[in-house]
Amino acid sequence: MNPRALVLLLTLAYHGAQAEERGGLLGTLQGWVRAMPGLGGKKAEEPPQKIMTRVRVTPFTGGTGASAESALQKELLASREFFVAGPDEKADFTLGGSSSGGRVNGRLMDVKGKELFQRTYAAPGLDENLKAFADDVIFTITGRPGLATSRIVFVSDRSGRRQIYLCNADGGEVNQVTHDRHGAVSPTLSPDSSLVAFTGYSSGFPVVNLLDLHAGWERGVTDTPGTSFGAAFSPDGTHLAVVMSFIGNPEIFVSDLNTNTASCISDSIGAPASPSWHPEGKQIVFSNDDGNGPKLNIIEVPQKEGDPSRLFRWRTGYHFCTDPEWSPDGRQIAFTTRKSGEWAVAIKPYPNGSSRIIQGGGAQHPSWSPNGQFITYVQHGGLFVHEVRSGHRRQILKGYGRISEPRWMR
């Protein structure tokens, strides 16, 4: 406690005793003093510490068993979901298995020895198999998707023209997926990471295309005239929200990927952009600039033909808002805004709550991880991953040209 404050309290107590009966002012002041931590009072109770789940990785058998065991421990530690227990420490779950020639047979058991699952992973590479095993373990124990097999799609001008690239959650395994001589921007990944939707310019104006990452084919989303851009996959991967202008003013359309048809769901004044689906598929948030700077709007998606749609402004407390994206649980929306003349990434609870800046200084284009614990964004051309709860962040890609528009698979 500040010494001057202590002297003041004692002086008041002394003089108060001359004018008040015992139990009056003096008793009150003595009560205050006793209640202060470090002066006879109890310390403020600290919130209970969350105990992380402990998992033990037992030795793997087989020719590549030692490598598999080491790599699996690394994946589990990187997930920040578990504490990896030592051989003599108590564990809540036990992992084990075998690996030969990169093929992995893994099993998960609980503290009582009950087998929760046993699966074989036979992809061509050992790392790919262990990432899949780690994600299965995370999902089984926590109910949340793991990130080991997740992918981030982004734009880079490394080749001299903006193209679409893919990387894993750690910034590794970077692959260029478009080689369009006119450039490609605004990518988004389907929920199963098999398709990339992006905006291309091969026709002379912006058009949304689909690229199958496995089969290699590419096609336009619609055959309507005019421009289309800003695609976003629905949670089940069967529809795309797209901004299209073939009826005049740009509007939000929902395109059915099975029938190749599209229906307009908005009637806005201005320039809509960057749609993002609520995880239940019943609402879309997007930015709209009506001449006074972009703001965020939410529209209800009609569940069947003929149903009305309702559009309303979602206020964030900022006058400039772009790039909105709903969190996987639907409880928050991340977006780009401006702070002190620079780009900044903010999040706001949905439907109500206060916005807060999680990263200023030029950060923009936020996208949530599949488990909702991280946000990726770009800052000064580099790609970052930011843990929302702790504020810890790290740069996962740099020196890869100027990176923009990252989107994490959902």
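Four strands of this protein form an open sheet in the order E21-E22-E23-E24, with antiparallel pairing. The model you are looking at is predicted.

**The four-strand sheet**
- Strands of a sheet pair through backbone hydrogen bonds, and they can do this either parallel or antiparallel.
- Strand E21 (322-326) and strand E24 (356-359) stand at the edges; each has a single partner strand, so one side of each is left without a neighbour in the sheet.
- From one strand to the next, the twist averages 35 degrees.
- E21 and strand E22 (residues 332-339) run antiparallel and are joined by three bridges.
- To find this pairing in the structure, look for Thr-322, which stands opposite Thr-336 in E22.

- In soluble globular proteins, nonpolar side chains tend to be buried together.
- Here the largest nonpolar core has 26 residues, and those touching the most other members are Phe-154, Ile-164, Leu-383, Leu-397, Ile-403 and Trp-408.
- Several strands give two or more residues to this core, including strand E6 (151-156), strand E7 (163-168), strand E27 (382-387) and strand E29 (403-408).
- A second, separate core has 22 residues, among them Leu-76, Phe-82, Leu-95 and Ile-141.

**The chain as a whole**
- Of the 410 residues in the protein chain, 47% are buried.
- Among contacts with a separation of 6 or more, 40% come from residues 24 or more positions apart.
- The accessible surface comes to about 21000 Å², and carbon and sulfur atoms account for 50% of that surface.

Terms used: Residues are numbered from 1 along each chain as its sequence is written. This is a predicted model: local features need pLDDT of at least 70, side-chain atom pairs count only at pLDDT 80 or more; totals for chains, interfaces and linings use all residues. Side-chain values use heavy atoms; hydrogens and water are left out. A nonpolar core is a set of buried Ala, Val, Leu, Ile, Met, Phe, Trp, Tyr and Cys residues joined through side-chain atoms within 4.5 Å. Buried means under 20% relative accessible area, exposed over 50%, partly exposed in between (1.4 Å probe, protein chains only). Contact means heavy atoms within 4.5 Å. Accessible areas come from the Shrake-Rupley method with a 1.4 Å probe; for residues, only the protein chains shown count as cover. Two strands pair if DSSP finds at least two bridges between them. Axes are lines fitted to C-alpha atoms, for helices over the stretch in contact, and angles run from 0 to 180 degrees between N-to-C directions.
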